[in-house]
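Welcome, and thanks for taking a look at this one with us. Please have the sequence and the model open side by side as you read.

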Amino acid sequence: MAQSTFTILLGGTLTRTERLASQLSGSRFIAADGGMRHASTLGIVPELWVGDFDSTDDALLAEFTDVPRESYPAAKSATDGEIAVEAAVARGATSLIFAGALGGTRSDHAFLHLLRAVAIAEEGLPALMTSGEEEAYPLLPGAREIDLPKGSLFSILGLSALSGLSIENARYPLEGFALPFGSSRTISNIAEGPVRFSLKSGRAVILARPYDLSGA
């Protein structure tokens with residue numbers, strides 16, 4: 001089966017960086033409502049634009065008149081981002097990038113994006129959330145590696161109690177650690193290069209700041 005990455009443009013903060021450009025290379029794009037404003041920043045034209053368009057001004061509508069739109073009522077049971085994900089999956093997405101998923105004026109949406117990405121990962125669909133300057137990755141039972149610059153900051157936020165948590169190639173490594181729910185033990189670690197994570201049970205999110213070398 002051919003691999004197909006879809007990037008969902010969301011309404012949070014987005015900064016174009018070299019790392020972001022590399023991550024988006026070869027991706028297909030779907031915009032969710034006001035997330036379309038990032039299309040010009042990225043120099044792309046999405047293949048679909050969905051939402052209730054309550055966060056879209058007339059200038060943005062006029063700029064992207066050729067992009068197919070799917071309009072939904074404001075009183076709906078899913079966010080514009082969720083609708084965009086469903087559209088991507090229907091088009092054969094095998095991995096997802098949420099660009100503009102972090103920051104912004106709606107903390108409830110940003111937190112929902114974190115939770116939704118973990119749920120999507122549990123269904124077998126890899127997901128990355130990014131603002132360009134900050135990234136978030138689901139951490140589920142198993143092992144994974146994230147390529148981070150030496151000296152960059154990262155944290156693990158447990159969405160439940162974690163057991164068997166190991167962190168390798170970091171200033172503060174762990175091996176088989178049991179992290180209580182709500183603990184700050186895994187905040188503000190420092191990468192020594194690509195960091196390897198493994199987890200026996202639980203759900204978490206890795207938040208990384210690849211351009212923040214204040215810990216170097």
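Predicted model: local features only at pLDDT ≥ 70, side-chain atom pairs only at ≥ 80, totals over all residues.

Residues are numbered from 1 along each chain as its sequence is written, and side-chain values use heavy atoms, with hydrogens and water left out.

**Overall fold**

- The protein chain has five helices and 13 strands; helices (H or I, at least four residues) and strands (E, at least two) are DSSP runs, numbered from the N terminus.
- For 216 residues a compact globule would have a radius of gyration near 17 Å, and the 18 Å of the protein chain agrees with that. The radius is taken over C-alpha atoms, and the globule rule is 2.2 Å times the number of residues to the power 0.38.
- Along the principal axes, the C-alpha atoms fill a box of roughly 55 × 40 × 35 Å.
- Of the 216 residues, 49% count as buried, where buried means under 20% relative accessible area, exposed over 50% and partly exposed in between (1.4 Å probe, protein chains only).
- Taking contacts (heavy atoms within 4.5 Å) between residues at least 6 apart in sequence, 65% join residues at least 24 apart.

**Strand β13 and its partners**

- Strand β13 covers residues 204–209, and five of its six residues are buried.
- β7 and β13 run antiparallel and are joined by five bridges; two strands pair if DSSP finds at least two bridges between them. In this pairing A136 stands opposite L207.
- Strand β9 (residues 153–158) also pairs with β13 in the antiparallel sense, over six bridges. Here L153 stands opposite R209.

**Helix α4 and strand β1**

- In helix α4 (residues 80–90), the buried residues are D80, G81, I83, A84, V85, A87 and A88.
- The cover over these buried residues of α4 includes β1, β2, β3 (48–51), β5 and α5 (107–122).
- Just after α4, G92 takes a positive phi of about 95 degrees.
- T7 sits in strand β1 (residues 5–9) and counts as buried because its relative accessibility is 0%.
- Beyond residues up to four places away in sequence, T7 touches L24, S27, R28, F29, I30, I97 and A99.

**Cavity and pocket**

- On a 1 Å grid over the protein atoms alone, a cavity is a set of points where a 1.4 Å probe fits but cannot get out, and a pocket is an open set with protein on both sides within 12 Å along at least five of seven lines; lining residues have an atom within 4 Å of a point. Grid points are joined across faces, edges and corners, and a volume is the space filled by probe spheres set on the points.
- A search of the whole structure finds one cavity of 30 Å³ or more. The largest cavity holds about 60 Å³ of space.
- T79, G81, E82, V85, F98, L112, H113 and R116 line the largest cavity, with α4 and α5 each supplying at least two residues of the lining.
- That cavity lining divides into three nonpolar, three polar and two charged residues. Ala, Val, Leu, Ile, Met, Phe, Trp, Tyr, Cys and Pro count as nonpolar, Asp, Glu, Lys and Arg as charged, and the others, Gly among them, as polar.
- The second largest pocket has about 340 Å³ of space. Of the 18 residues lining this pocket, P126, A127, Y137, P138 and R144 are the closest to its centre.
- β5 (95–99), β6 (127–130), β7 (135–139) and β8 (142–146) each give at least two residues to the lining of the second largest pocket. By class, this lining has 13 nonpolar, four polar and one charged residues.

**Single residues to look up**

- D33 lies in the loop between β2 (28–32) and α2 (37–42). Its phi is near 50 degrees, a positive value in a residue other than glycine, and D33 counts as buried at 2% relative accessibility.
- N169, in strand β10 (residues 162–170), is another residue other than glycine with a positive phi, near 65 degrees. At 30% relative accessibility, N169 counts as partly exposed.
- G193 belongs to strand β12 (residues 189–199) and is buried, with a relative accessible area of 7%.
- Leaving aside neighbours within four places in sequence, G193 is in contact with L148, K150 and N169.
- The C-alpha atoms of G193 and G151 are separated by 7.5 Å, with the two residues 42 apart along the chain.
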